[in-house]
Amino acid sequence: MLSVQNVTMRYGAKILFEDVTTTFNPGRRYGLTGPNGAGKTTFMKILAGELEEQTGTVQRPRRMGILRQDQFAFDAFRVIDTVIMGNRPLWEALLERDAIYAKPEMTDEDGIRVAELEGVVGFEDGYTAESDAAVLLDGLDIPESLHDRKMSELQGGQKVRVLLAQALFGNPGALLLDEPTNHLDLDSIHWLEEFLGRYQGTVIVISHDRHFLNNVCTHIADIDYQTIIQYTGGYDDMVMQKTQLRSRIEGENAQREKKIAQLNEFIARFAAGTRSSQVNSRRKEVERLAPGELARSNIQRPFIKFEQKRPSGRHALEFQHVRKGYGDVQVIKDFSANVPRGERVAIMGRNGMGKSTLLNALLANAPGVTEPYVSIDSGEVRWGHEANVGYFAQDFRESIPKGWTMTDWLRQFDPDATVEQIRGVLGQMLFRGEEGTKKTEVLSGGEACRLMFCKLMLQKPNVLVLDEPTNHLDLEAVIALNTCLQRYEGTLLLVTHDEDLIDEVATRIWHFEGGRIEDFQGTYSEYLANA
């Protein structure tokens, strides 16, 4: 059982949530939702015992699995050992037991202690720990050849999958997963969805992936109105129920206000007359009907709109025999394609297959792209007449130089824009007041991501190249981006693991598999039907 009673967290005058009492039951999978800054990660840390609640109490199961966000914390350890560390009592028992066995001679006390430790190891299924950990790693596409490597030797996406295996290891009574799909490809996400569907304990997950939440969650715990309200179903079900609840309360208040206005009219007409008892009765009725003040929602919806200064030529992009590799490894071997104006291409495949590498090769001579690391080994790439490319890199922080204010950096992408217009664009991405004067080097990951969208809106490109644009966005922003891309009239090249985005936006699929790229002319639904 995982539950909280009368828990409150506030920072200064800002209340994240107040006097929250709720229970998360075994066998149910909860999505913890709310916009950036609502307190999702704070609440998750309270549940995990990593942050002390200001008031109230938390009841936890004996063992919980927690997805660790620090990718570098385990660099000195083997991959297989990092997974086993997910069961702390077992790992500590193994370390102490092995230390005793390593002694030249064992005392009687050592023998007694080893017997106790062997009991812990047996109780915690320690004798099958390595094979159990290997099964989890294989399911998350970490091959056996990496199991004995140090974590420091793995790529970022691989580290995330190992940390996910760590959280899942040892059959914990509850799983706390903070953005588990970040840096996972679609195959790994599908594996995780199936795993969580079979899991018998409590799952609480924070994710910006609406498709994942709809597929996995049986309930949504939504942080809003300074409290946490549980809804039955997935994310889309919650949105519908929340809208209906809000509309019902507002409708009831409107009826009350109408009745109050009628009563006040009677009181005003007869207050000085002989009908004092009736006036007093109506005054009491007004007090009874007075609607309670509705707590303000903390949801903030950005407004993203990508426009074109002018359309590109009929063929936005043509390329032949493109090759790109690193050292002796040839990642893109020989790929040719023609992308007509208005095509929306989703680039899919397992992590490490070459999706970003392909974009870097195609952008080597792209008009409007200034990133220094884009390059091509061989092949011919021709961008269409008057093509203007807007690029959102997966590591977009490298695209934003230090030492600028946000407003000054944005001005170069539309020199004719006034300060008011730039502030307007910043406001669309939820930068308020004087936030435009913030220096670029102090921006958080989410703020830098939103600044990149401001750049693209000012740039008005007719070709958009987006490499994992949703990683630092909350659900409201992801939905806004989805709507925007559906309405965008230019050409789009998109790398994403967001299945709803692929399904609702793409008109063509480039799928990396088995060392080749399949070029499918059609939507994602049509691609799945033909698979």
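Modeller: Contact here means heavy atoms within 4.5 Å. This is a predicted model, in which local features need pLDDT of at least 70, side-chain atom pairs count only at pLDDT 80 or more, and totals for chains, interfaces and linings use all residues. Residues are numbered from 1 along each chain as its sequence is written, and side-chain values use heavy atoms, with hydrogens and water left out.

Biologist: Which residues is Q158 in contact with, leaving aside its neighbours within four places in sequence?

Modeller: With that exclusion, Q158 is in contact with I142 and L146. Q158 itself belongs to helix 6, residues 156–168 (helices, H or I, have at least four residues and strands, E, at least two; both are DSSP runs numbered from the N terminus).

Biologist: Why is Q158 called buried?

Modeller: Buried means under 20% relative accessible area, exposed over 50% and partly exposed in between, with a 1.4 Å probe and protein chains only. Q158 has a relative accessible area of 19%, so Q158 is buried.

Biologist: What makes strand 1 and strand 2 a pair?

Modeller: Two strands pair if DSSP finds at least two bridges between them. Seven bridges join strand 1 (residues 2–11) to strand 2 (residues 14–24), so the two pair, and they run antiparallel. M9 has F17 in strand 2 as its bridge partner. The two strands form a hairpin with two residues between them, and G12 in the turn has a positive phi of about 65°.

Biologist: How do you know that strand 1 pairs with strand 4?

Modeller: Four bridges link strand 1 with strand 4 (residues 55–59), in the antiparallel sense. V4 stands opposite V58 in strand 4.
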